[in-house]
Amino acid sequence: MSEKRRAEEAGLGPWFEAGRAEAPAPSGDWLARMEAMALEEQPAAPMPEVADLAARPRRGPRLHDLIPALGGWPAVAGLAAACAAGVWLGAVTPAGLSGWTSGTTSLTASDSYTTFEPASGFDVAMLGY
Amino acid sequence: MPYDAMSDSSDEDLLAAYAAGEPAAARALTLRLGPKAFGVAMRMLKDRAEAEDVAQEALLRLWRAAPGWRTGEAKVSTWLYRVVSNLCIDRIRKARGGHVDLDAVAEPPDPARSVEQELQETARGAALQAALDRLPERQKQAVILRHLEGLANPEIAEIMDIGVRAVESLTARGRKALEGLLGARRAELGYDDE
């Protein structure tokens, strides 16, 4: 208690002390009802913001996660070019290759085995042919 | 935030947590402010059921004000004391059946019992309450807030919507009246032996 308040109370000090000591207290039942009311009136917790949802970790890897694993954009560009070239060679046979490809498609029983066999002669020798 | 961690939080922080949907804040604020609201109402109205009603109404208004509460504008406890005090004054005026200047008119004496007779039957705290009930309402309100709730004069001025000098005047007049009412009972209640 401040000195000012003590000086104000002077002779009434003991009476006020008794009054403070016998402060009216609410019942436990009333406090329980007030707590229930407080919870009932309480606003619901806010839903997470869109930014929060975006910040959440995703379950699987996305394309931009795979690019570094493949060696970066230059490597991906090379893979894409090779893929496109393969498709082009398969769909539109260039004139320079048409003789070779037509030869492979018209093999006869007398043609050499190694004409179209991709394995090298060394590989064949190792296999005992 | 767990309930235990809230014991050191300010009322304002707790109210913000309440508005954010934190259940522990609801419990902490109820236990902190509920007894204060009830205590003042009980001293003003002298009726437990009425005091509970007033304190409940004040708390309900606080919960509904929480989402729009602007931090730094007012202390939560000051705001609550003000609502409780105004509700008590309203009830007292209605009970009297009209508008009166509560500061100018003292309680009429009970013809059946004198102050001395009442005080003979009561202990010290109850004797003080009996004497407080004899004061004009505004004096009683100021004395309760100053000397029983322990508030500073500027906060009481805000609660009662008057100036600090007016608070000092009300409490001084209230104390003088109390000395007159209680002085004669000092010996009977044992104060002269201390």
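1. Burial in chain B. Of the 194 residues of chain B, 48% count as buried. Buried means under 20% relative accessible area, exposed means over 50%, and partly exposed lies in between (1.4 Å probe, protein chains only). This is a predicted model: local features need pLDDT of at least 70, side-chain atom pairs count only at pLDDT 80 or more, and totals for chains, interfaces and linings use all residues. Residues are numbered from 1 along each chain as its sequence is written, chains are lettered from A in the order in which they are written, and side-chain values use heavy atoms, with hydrogens and water left out.

2. Fold of chain B. Chain B has nine helices and zero strands. Its pattern along the sequence reads α-α-α-α-α-α-α-α-α. Helices (H or I, at least four residues) and strands (E, at least two) are DSSP runs, numbered from the N terminus. Take the contacts in chain B between residues at least 6 apart in sequence: 61% of them join residues at least 24 apart. Contact means heavy atoms within 4.5 Å.

3. Extent of the interface. On the chain A side, 32 residues are in contact with 49 residues of chain B. The size of an interface is often given as the accessible area lost when the parts come together. Here the area buried between chain A and chain B is about 3400 Å². Carbon and sulfur atoms give 62% of that area. Buried area is the accessible area (1.4 Å probe) that two parts lose on being put together, summed over both.

4. The rule finds one salt bridge between chain A and chain B. A salt bridge is a side-chain nitrogen of Lys or Arg within 4 Å of a carboxyl oxygen of Asp or Glu. The partners are Glu41(A) and Arg64(B), at 3.1 Å, N to O. Eight residue pairs are in polar contact across the interface of chain A and chain B, both residues being at pLDDT 80 or more. A polar contact is a pair of N or O atoms within 3.5 Å; within protein, one must be able to donate a hydrogen and the other to accept it, and residues adjacent in sequence count only if both atoms are side-chain atoms.

5. What chain A contributes. Helix α3(A) gives the most, with nine residues. By type, the residues on this side of chain A divide into 19 nonpolar, four polar and nine charged. Ala, Val, Leu, Ile, Met, Phe, Trp, Tyr, Cys and Pro count as nonpolar, Asp, Glu, Lys and Arg as charged, and the others, Gly among them, as polar.

6. Gln42(A). Where does Gln42(A) lie? Gln42(A) is in the loop between α3 and α4 (50-55) of chain A. Gln42(A) is buried, at 12% relative accessible area. A polar atom of its side chain lies 3.0 Å from the backbone oxygen of Tyr18(B). Gln42(A) touches Ala17(B), Tyr18(B), Gly21(B), Glu22(B), Pro23(B) and Ala26(B), not counting residues up to four places away in sequence.

7. An aromatic pair between chains. The structure holds three aromatic pairs over all chains. One of them joins Trp30(A) and Phe38(B), with ring centres 5.8 Å apart and planes at 45°, so the pair is tilted. Rings of Phe, Tyr and Trp (its six-membered ring) pair if their centres lie within 6.5 Å; planes under 30 degrees apart count as stacked, over 60 as edge-to-face and the rest as tilted. The pair crosses from helix α3 of chain A to helix α2 (residues 23-45) of chain B. Trp30(A) and Phe38(B) are both buried.

8. Salt bridges within helices. Over all chains, the structure holds nine salt bridges. One of them joins Asp29(A) and Arg33(A), at 3.5 Å, N to O. Both residues lie in helix α3 of chain A, four residues apart, about one turn of the helix. Asp29(A) is exposed at 52% relative accessibility, while Arg33(A) is partly exposed at 38%. In chain B, Glu57(B) and Arg61(B) meet in a salt bridge at 3.0 Å, N to O. They are about one helical turn apart because they are four residues apart in helix α3 of chain B. Glu57(B) is partly exposed at 31%, and Arg61(B) is partly exposed at 40%.

9. Lys46(B) forms a salt bridge with Asp133(B), the closest N and O atoms being 4.0 Å apart. This pair links distant parts of the chain, 87 residues apart. Lys46(B) is in the loop between α2 and α3 (48-65), and Asp133(B) is in the loop between α6 (124-132) and α7 (137-148) of chain B. Buried or partly exposed: which is Lys46(B)? At 46% relative accessibility, Lys46(B) is partly exposed, whereas Asp133(B) is buried at 14%. A network of salt bridges links Lys46(B), Asp133(B) and Lys140(B).
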